[in-house]
Amino acid sequence: MTESRSTAAVVRATMATVVHEPVVAIMLVAAFFDGISGNPIHALLLGGVAIVLGRDIALGEPNPPIPLVERGMWIPGGWTVAAFSAAFALVVGAFPRYSWPATVGVVAAAAAAIAVAWRGPLVVHADPGPLPRRGVVAWSTVLVAGALWELEALLLQPSLTLDSQQHPTISTLTDPVLSTHAGRTLIMLAWLLVGWFLMRQ
Amino acid sequence: MSTHDVTVLGYAVVVVACVVLQLLSLRPGTRIPGFTTLLRRVMRGRPGRVGVITAWAWLGLHFFAR
């Protein structure tokens with residue numbers, strides 16, 4: 001990237017990235033639908049990451065695949081993460097869903113994870129190389145089918161903001177569990193540990 | 001069977017399909033990659049890595065944040 005690159009050129013390159021980079025496009029579409037569903041904070045997170053990522057790709061920012069552990073970053077051990085996650089889930093899970101304390105806690109954890117992922121992978125893994133087409137198609141089919149099934153349930157609700165027991169989304173099905181402190185603590189702990197698992201990939 | 005049951009059955013089918021694919025990936029000489037291999041392939045660059053972590057982050061917001 002050169003510093004003399006004009007703003008218009010950067011905007012054009014960013015727009016081209018949005019069109020050609022599926023991750024950016026998917027996040028922008030998700031941000032739009034979350035926004036019209038009455039979730040401005042979710043839309044802001046998705047849209048913000050999409051725009052910055054699109055700009056990053058368009059500018060050809062360096063993306064060194066050097067794991068953070070090799071750059072001197074301290075990586076906590078599994079038990080430390082588990083203990084911290086349990087304490088976090090116990091405290092934040094004590095607050096009702098959609099309350100401001102719960103929102104601040106979850107947004108902080110999410111933002112920290114995205115910031116770390118932005119800097120690079122945590123650990124070294126051998127590149128698995130191109131995957132067999134049949135396997136990719138099989139996994140894609142199942143995952144897309146799951147997403148479409150959820151979308152179908154969402155669209156069959158009376159409205160985007162009104163749940164339906166006849167066509168429950170996953171959120172509707174988890175509502176009873178998440179209405180208790182114990183349930184929120186367990187689900188939040190699972191969410192944090194899944195995040196840790198993903199960050200180590 | 002009610003529409004509620006059919007909807008839940010659909011989710012269950014997707015979960016079972018994921019488990020089956022994961023089990024198939026364990027066979028020697030298989031052409032089905034495991035879920036972890038799939039993730040590592042997708043997350044080898046910044047867009048994929050940030051995209052997956054953002055999807056995870058969104059889940060947390062969806063369930064807990066206003």
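**Starting at one residue.** I began with A:L28, which counts as partly exposed because it has 17 C-beta neighbours inside 10 Å. The scale I used calls a residue buried if 20 or more other C-beta atoms lie within 10 Å of its own, exposed if 12 or fewer, and partly exposed in between, with C-beta atoms placed from the backbone. A:L28 sits in helix 2 of chain A. From A:L28 to A:A43 I count 15 residues in sequence, and the C-alpha atoms are 8.5 Å apart in space.

**Ground rules.** I am working with a predicted model, where local features need pLDDT of at least 70, side-chain atom pairs count only at pLDDT 80 or more, and totals for chains, interfaces and linings use all residues. Residues are numbered from 1 along each chain as its sequence is written, while chains are lettered from A and ligands numbered from 1 in the order in which they are written.

**Chain A overall.** I found 8 helices and 0 strands in chain A. Helices (H or I, at least four residues) and strands (E, at least two) are DSSP runs, numbered from the N terminus. The C-alpha trace of chain A spans about 55 × 40 × 40 Å along its principal axes. Chain A has 201 residues, of which 20% count as buried. I also checked contacts in chain A between residues at least 6 apart in sequence: 61% of them join residues at least 24 apart. A contact here means that the C-beta atoms of two residues, placed from the backbone, lie within 7 Å.

**Domains.** Where they meet, 5 residues of domain 1 of chain A are in contact with 6 residues of domain 2 of chain A. The domain 1 side of that contact has 3 nonpolar, 2 polar and no charged residues. For these classes, Ala, Val, Leu, Ile, Met, Phe, Trp, Tyr, Cys and Pro count as nonpolar, Asp, Glu, Lys and Arg as charged, and the others, Gly among them, as polar.

**Two loop residues.** A:G38 lies in the loop between helix 2 and helix 3 of chain A. A:G38 is exposed, with 11 other C-beta atoms within 10 Å. A:G38 and A:T161 are 123 residues apart in sequence, but their C-alpha atoms are 7.5 Å apart in space. Next I looked at A:Y98, in the loop between helix 4 (78–92) and helix 5 of chain A. Its phi is positive, about 70°, although A:Y98 is not a glycine. Most residues other than glycine have a negative phi. A:Y98 counts as exposed because it has 12 C-beta neighbours inside 10 Å.

**A helix pair.** Helix 4 and helix 8 of chain A pack at an angle of about 145°, with their axes 8 Å apart. Axes are lines fitted to C-alpha atoms, for helices over the stretch in contact, and angles run from 0 to 180 degrees between N-to-C directions. I noted the residue classes of this contact too: 12 nonpolar, 2 polar and no charged.

**Where chain B comes in.** Which element gives the most to the side of chain A that touches chain B? Helix 5 of chain A does, with 10 residues. The contact as a whole takes 54 residues from chain A and 41 residues from chain B. The chain A side divides into 37 nonpolar, 13 polar and 4 charged residues. In helix 5 of chain A I picked out A:T103. Leaving aside its neighbours within four places in sequence, A:T103 is in contact with A:I41, B:A65 and B:R66.

**The nonpolar core.** A nonpolar core is a set of buried Ala, Val, Leu, Ile, Met, Phe, Trp, Tyr and Cys residues joined through C-beta atoms within 7 Å. The largest one has 34 residues, and A:V106, A:A110, B:A57 and B:L61 touch the most other members. This core draws at least three residues from each of domain 1 and domain 2 of chain A. Not counting residues up to four places away in sequence, A:V106 touches A:V92, B:G60, B:L61, B:F64 and B:A65. Apart from this core lies another, of 6 residues, including A:W139 and B:L21.

Key
Domain bounds come from an automatic or database domain assignment.
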